[in-house]
Structures are given as C-alpha cells and as structure tokens.
Amino acid sequence: QVQLVESGGGLVQPGGSLRLSCAASRSIVSSYTMGWYRQVPGKPRELVARFTRGGMVNYADSVKGRFTISRDNAKNTVHLQMDSLKPEDTAVYYCNAQSTIAIFWGQGTQVTVSS
C-alpha cells in the first residue's frame, strides 16, 4: 500500500502562487506515473498535470503556462508549482500515483483563490 500526503494548500489572492507537495510513503516516484488532479464540489475530478511514460507532461488546457509539475526522486516527492492563480483554480487538489496494476490517491488539499 502506498500512502500519499499532500501539503501546501491554502488561501491565496488572484495572481498569486502556491506550491503543492506530495510525499510518498516509499520510493515510488520513479516507478509510478505521477500526477495532480482537482475537484470542485458537484463536478467530476479533472486532470491538472501528469507525467507520461515517455517523460513528457500532460497539462489541462486551463493551466498550461501557469502550472508546473516536478518530482524529486531522492525525497519521494512530487510538486505542483501554481502561478498566476485564478479564482477558477479553487478546488481540492489530489496527488495521484498509478502503475500498470494499481492507483493511489492522496487525501487532498484545499486551494482557494479569492480576494
């Protein structure tokens, strides 16, 4: 069983930045496809950013140019740098790890973008 723990969420003004972190319970970052998703109440969970098997990154159109996903294999962590935040980015953000046979989710961290 893999545990994922997100941190870094909070309240930020429009145009501001936040950096989310996801810590894994063991060394999985290099073995699993890692990504970030978000969910607004009443709506489906949606992809924000995800590493591909080929080492590329898929970003949602709504965050391209503003968000950057990264990973630190030595520390078993993945990050999501969020810049130029908009109120529409308000959601619960979830860390995701997926292999060919399993998928894991973090508990989620709230991001609120408001004046």
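Predicted model: local features only at pLDDT ≥ 70, side-chain atom pairs only at ≥ 80, totals over all residues.
In the model, an open sheet of four strands has the order β1-β3-β8-β7, and the pairing in it is antiparallel. The strands at the edges are β1, which covers residues 4–7, and β7; each of these has a single partner strand, so one side of each is left without a neighbour in the sheet. If we ignore direction, neighbouring strands of this sheet are turned against each other by 15° on average.

The strands β1 and β3 run antiparallel and are joined by four bridges. Within this pair, Leu4 stands opposite Ala24 of β3, while Ser7 has Ser21 in β3 as its bridge partner. On the next step across, β3 and β8 pair in the antiparallel sense over six bridges, and here Leu20 has Leu80 in β8 as its bridge partner.

In β3, Leu18, Leu20, Cys22 and Ala24 make up a covered face, whereas Arg19, Ser21 and Ala23 make up an uncovered one.

One residue on the covered face, Cys22, leads us to another part of the chain. Cys22 and Cys95 form a disulfide, with their sulfur atoms 2.2 Å apart, and the count for the model comes to one disulfide. The link between Cys22 and Cys95 is left-handed, with -80° about the S-S bond. Because Cys22 lies in strand β3 (residues 18–24) and Cys95 in strand β9 (residues 91–98), the pair ties together parts that are 73 residues apart in sequence. Are these two cysteines buried or exposed? Cys22 counts as buried because its relative accessibility is 2%, and Cys95 is buried too, with a relative accessible area of 0%.

From here we can turn to the interior. In soluble globular proteins, nonpolar side chains tend to be buried together. The largest nonpolar core of this model has 28 residues, of which Leu4, Trp36, Leu80, Met82 and Tyr93 touch the most other members. At least two residues of this core come from each of β3, β4 (33–39), β5 (46–51), β7 (67–72), β8 (77–82), β9 and β11 (109–113). What does Leu80 touch, once its neighbours within four places in sequence are left aside? Leu80 is in contact with Leu18, Arg19, Leu20, Trp36, Val48, Ala49, Phe67, Thr68, Ile69 and Tyr93.

Thr33 is found in strand β4, and because its relative accessible area is 6%, Thr33 is buried. With neighbours within four places in sequence left aside, Thr33 is in contact with Arg50, Phe51, Arg53, Asn96, Ala97 and Gln98. The side chains of Thr33 and Arg53 also make a polar contact, at 3.3 Å.

Trp105, by comparison, has its place in strand β10 (residues 103–105) and is partly exposed, with a relative accessible area of 34%. Beyond its neighbours within four places in sequence, Trp105 is in contact with Leu4, Tyr37, Arg45, Tyr94, Cys95 and Asn96, a list that includes one cysteine of the disulfide, Cys95.

The loops deserve a careful look as well. Most residues other than glycine have a negative phi, and most peptide bonds are trans. Against that background, Asn76 has a positive phi, near 55°, and Ser84 has a positive phi too, near 50°. Asn76 lies in the loop between β7 and β8 and counts as buried, at 16% relative accessibility. Ser84 is found in the loop between β8 and β9 and is partly exposed, with a relative accessible area of 41%.

A further loop, between β6 (57–59) and β7, holds Gly65, which counts as exposed at 85% relative accessibility.

Notes:
Residues numbered from 1 in each chain as written. Heavy atoms only, no water. Disulfide = S-S within 2.5 Å. Buried < 20%, exposed > 50% of the residue type's maximum accessible area, 1.4 Å probe, protein only. Core = buried A, V, L, I, M, F, W, Y, C linked by side-chain atoms within 4.5 Å. Contact = heavy atoms within 4.5 Å. Pairing = 2+ DSSP bridges. Axes fitted to C-alpha atoms, helices over the stretch in contact; angles between N-to-C directions. Polar contact = N/O pair within 3.5 Å; in protein donor to acceptor, adjacent residues only side chain to side chain.
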